[in-house]
Amino acid sequence: MQKILIVGATSAIAEAAARRWAARGAALFLVGRRAAALDAMAADLRVRGAANVGTRVMDATDLGAHAAALQEAVAALGGLDVALIAHGTLPDQKACEASVELTLREIDSNGLSVIALATRLANLLEAQGHGTLAVIGSVAGDRGRQSNYVYGAAKGMVARFLEGLRNRLAKQGVRVLTIKPGFVDTPMTAALPKGALWAQPADVARGIVAAVDRNKDVVYLPGFWRAIMLVVRHIPESVFKRLSL
Amino acid sequence: MSAEGFSAWGRLGWPPAAEILRLPSRSAPLPATAGTLLPYGNGRSYGDVCLNPGGALLAMRGLDRFIAFDADTGVLVCEAGALLADILDVCVPRGWFLPVTPGTRHVTVGGAIANDVHGKNHHAAGSFGAHLRAFELLRSDGSRRRCAPDENPAWFAATVGGLGLTGVVTWAELQLRRIAGNAVAVRNTRFTGLDAFFALNAEAERQHEYAVAWIDCLAKTPRGVLIAGDHAATDLPAPRGERNLPLTPPFSLINETSLRAFNAVYYGKPWPARETVHHRPYFYPLDAVGRWNRLYGPRGFYQYQSAVPPAAAAAATAEMLAAIAESGQGSFLAVLKNFGERPSPGLLSFPMAGTTLALDFPNRGAATLSLFERLDAIVLAAGGRLYPAKDARMPAATFRAGYPRLAEFSSFVDPKLSSGFWRRVMEQN
Ligand SMILES: Cc1cc2nc3c(=O)[nH]c(=O)nc-3n(C[C@H](O)[C@H](O)[C@H](O)COP(=O)(O)OP(=O)(O)OC[C@H]3O[C@@H](n4cnc5c(N)ncnc54)[C@H](O)[C@@H]3O)c2cc1C
Ligand SMILES: NC(=O)c1ccc[n+]([C@@H]2O[C@H](COP(=O)([O-])OP(=O)(O)OC[C@H]3O[C@@H](n4cnc5c(N)ncnc54)[C@H](OP(=O)(O)O)[C@@H]3O)[C@@H](O)[C@H]2O)c1
C-alpha cells in the first residue's frame, strides 16, 4: 500500500491522480485550502478504494504551517512513499506588470511556497532513505514569454530547484520528479479558449501516476510537449524576443 | 466555455447553446443566466431533450464524486454527474451491479433519472427510478429538497422522468443489485415471425432476468434473435478497451444496401445457444466503438422508440414493421422488448406495460419524417407513446396523447428551466 501526501489536493489534476491511486488501494493525505472540498474529495476516494484518507486545511503560502502539516501527514499515513505538490495559481500577467505586490504574491504561490515545502519534504525523505517527491511545474517554466513570464519565472525556479534536489538525493534512494503539463482543461484555465493542444486532467493524471511508478526525473504531459518545448527552448534569444508569444 | 461538444447523440445539427455553465460543487447555488437553463448530463439522449438552443446548459459531468457506498447493503450515494461506468468500475469488483442499466455505460446518474431509463430487465425490475432511494433537487429559487418515495413524494414523481425541467438533481442514492461475478450467462434463440417472438419472449421473461430481441426490420418476414441473460457466478477478464470512430465520414455509411448486408450477416452469424460473457459486451455492445453515431455522416440520424400497451402490442408492432420494411428505411439495430407491469414512478416516465420497439434511421429529410408520421398514427391508435430521450421531432399532439399526466407535471416545471424538446412539444416557439 502506497502512502501518498498531496498538497494542493483539490486541484483538478491532483484529484484525478488521487482517484487512480485510490483505485489501487493507496492511503492518502490531502492538504488544501478548502475544508468542504477536501471532505467531499476524501469521501469519494474512500468509495474508490483508498485504504484511508486524511485531510488538513492549509494555505501553502503560510510557511509557518508547513512543518506541523507534514508531521501530521506522516503520522496519519504511517510513513510516506510519495509526496505530490500540486497547488498553483495562474496570474493575470498584465495586472502583475502594474503591481509589484501581486507579482511577488504569484511568485510566492507558484514558487517560494513550493520550494519551502520541497525543502522540508526532501529532508524528510532523505532521512528515511526512500520515497518520491513529485512536483507539478509547467511547460511555461521552460522559457519566459511576454504573455506569462511571472508564472513562468516561478515554475522555472521550481524546476531548477528540483534539478538540484535530484542531484543531491539521487544517491540516497530518493526520487525527484518534475511534472510539466501543457494546456490542461481545469478550473485554473476555465476562462481560456480551448483548442486541439488541450488535455483533460484525467489524461495528465495517468501520466503522473505512471511517471511516479517508473521513477522518472522529468515528464512532459501529454508527451508531445517534449518536442514542442525542445523547439521553443532552442529558438535563439535574438529571434525569440521579437516573437509575440 | 465553448458550446462545442455539447451536442445530442443524433447529431442532427441543432443550433448551439448560448452559454455553458458549471456548478463548482454540489452545494453551490445555480449560476445566474439571463435566459433559460437546462442541466446537461453526458449528451447520450438522441435529440433535443438534452439541448437548450440559444439558452444556457449547466454541464453536470464535473459533479462526479462518490459520497458513500455500503458494500454490505449495496446502497450507493453519488453526485449526479457520475457516469454509470464509474459506478460499475467501483461496484462490480465488490459484488454489486446497477439495478437497471440502459444500453450504454456513458450516461450520468442525473440523466438516467431525468429520462427514467429502462434496461433489458424491465419485465423484472421496472425502470431506473424504481431503485432510487433518494436524491436532492435544487431549484432556481435556491430551494433544496431531499426527495424520496416517502419524502416530498410529489417532487420525486415529477423529477423522475422529469426531463431535467423540475430542477437540478445534485446527488442521488441508489439501491444496487448483488452479483456473484462479473459475467452474464446468455441464451440466444433465433426466431422468424412476430408470433414466435412473443411466445419465446414470454417464456424467456419467466426464466431470465434479462431479455431483449434484435430484429432484422428489412426482412420480408421479421426475423431476429432473442437474447436472454442472467448474472453468472463467474469472473471473466474485461474485454479490450473502447476505440473511437476517429472522424465523421462525409456521407452516411448507413444506407439500404449496407443495412441489408449488415442485417443478413448479423442474423446469420453464429449465435451460440448458450455462452457466458463479460457483462460489458452483453449490456453495452455499442460502447465497443466510441462515437459510432458518426457513422451516419454529417446529417445525423434519428431514433424512433415507441411503447404500446399489451392488448395492441402484436398488431401494432406488425403494422409498424410492415410500414418500415415498405419504406426501405431502417436500422441495423432494431430492438424489440416487452415492458413489465411494475409501475414507473415518474409522472412522465416512458416505460408502460406492453411492447417497446426502437430503431435508428439515417436522416433522409422529408422521407424519414413522413415515415415517422405513419408510425405515430399506429402508436397513437394503439394507445402508446414515444420516448423523449430518443425523440427529435414528435409533434405536440403526439406528446400530449402519450402522456396523460402532462398537466399535473407542468406545475412542477422550474420557471428558469427549459429545453429545445420542451419548447417544441409545448409549442412555445
Ligand atoms: C447507445 C445508446 C443506448 C441507449 N440505450 C438506452 C436504453 O437501453 N434504455 C434507455 O432508457 N435509454 C437508452 N439510451 C438513452 C440514454 O440512456 C438516455 O438518453 C439518458 O438519459 C442519457 O443520459 P445523459 O447523462 O447522457 O444525459 P443527457 O442526454 O445529457 O440528458 C438527458 C436528460 O437528463 C437531464 N439531466 C441531466 N443531468 C441532470 C441532472 N443532474 N438533474 C436533472 N436533470 C438532468 C437533461 O436535462 C435531459 O433532459 C441509450 C442511448 C445511447 C446513446
Ligand atoms: N491547467 C493547466 O493548463 C496547467 C498547465 C501547466 C501546469 N499546471 C499546474 O498544475 C497544477 C494544478 O493546477 P490545475 O490545472 O489542476 O488547476 P486547479 O484545479 O485550479 O488547481 C489549482 C489548485 O491550487 C490550489 N491552490 C492555489 N493556491 C493555493 C494556496 N496558496 N494554498 C493551497 N492551495 C492553493 C487551489 O486551491 P483552491 O481549490 O482552494 O482554489 C487549487 O486546488 C498547478 O501547479 C498548475 O500551475 C496547470
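1. In this predicted model, the interface between the two chains is formed by 11 residues of chain B in contact with 11 residues of chain A. The area that chain B and chain A bury between them comes to about 890 Å², of which 44% lies on carbon and sulfur atoms. On the side of chain B, the residues that lose the most area to chain A are Arg65(B), Phe66(B) and Arg94(B), which together account for 57% of what that side buries.

2. As for polar interactions, the rule finds 2 salt bridges across the interface of chain B and chain A, and the count of residue pairs in polar contact between these chains, with both residues at pLDDT 80 or more, is 5. The side of chain B that touches chain A receives its greatest contribution from strand β4 (residues 66–70) of chain B, with 4 residues. By residue class, that side of chain B divides into 6 nonpolar and 5 charged residues, with no polar ones.

3. Leaving aside residues up to four places away in sequence, Asp44(A) touches Glu15(A) and Arg19(A) in chain A, together with Asp64(B), Arg65(B) and Phe66(B) in chain B. Is Asp44(A) buried or exposed? Asp44(A) counts as buried because its relative accessible area is 0%, and the cut-off for that class is under 20%.

Technical notes:
Residues numbered from 1 in each chain as written. Chains lettered and ligands numbered in written order. Predicted model: local features only at pLDDT ≥ 70, side-chain atom pairs only at ≥ 80, totals over all residues. Heavy atoms only, no water. Contact = heavy atoms within 4.5 Å. Buried area = accessible area lost by both parts, 1.4 Å probe. Salt bridge = Lys/Arg side-chain N within 4 Å of Asp/Glu carboxyl O. Polar contact = N/O pair within 3.5 Å; in protein donor to acceptor, adjacent residues only side chain to side chain. Helix = DSSP H or I, 4+ residues; strand = E, 2+ residues; numbered from the N terminus. Nonpolar A, V, L, I, M, F, W, Y, C, P; charged D, E, K, R; others polar. Buried < 20%, exposed > 50% of the residue type's maximum accessible area, 1.4 Å probe, protein only.
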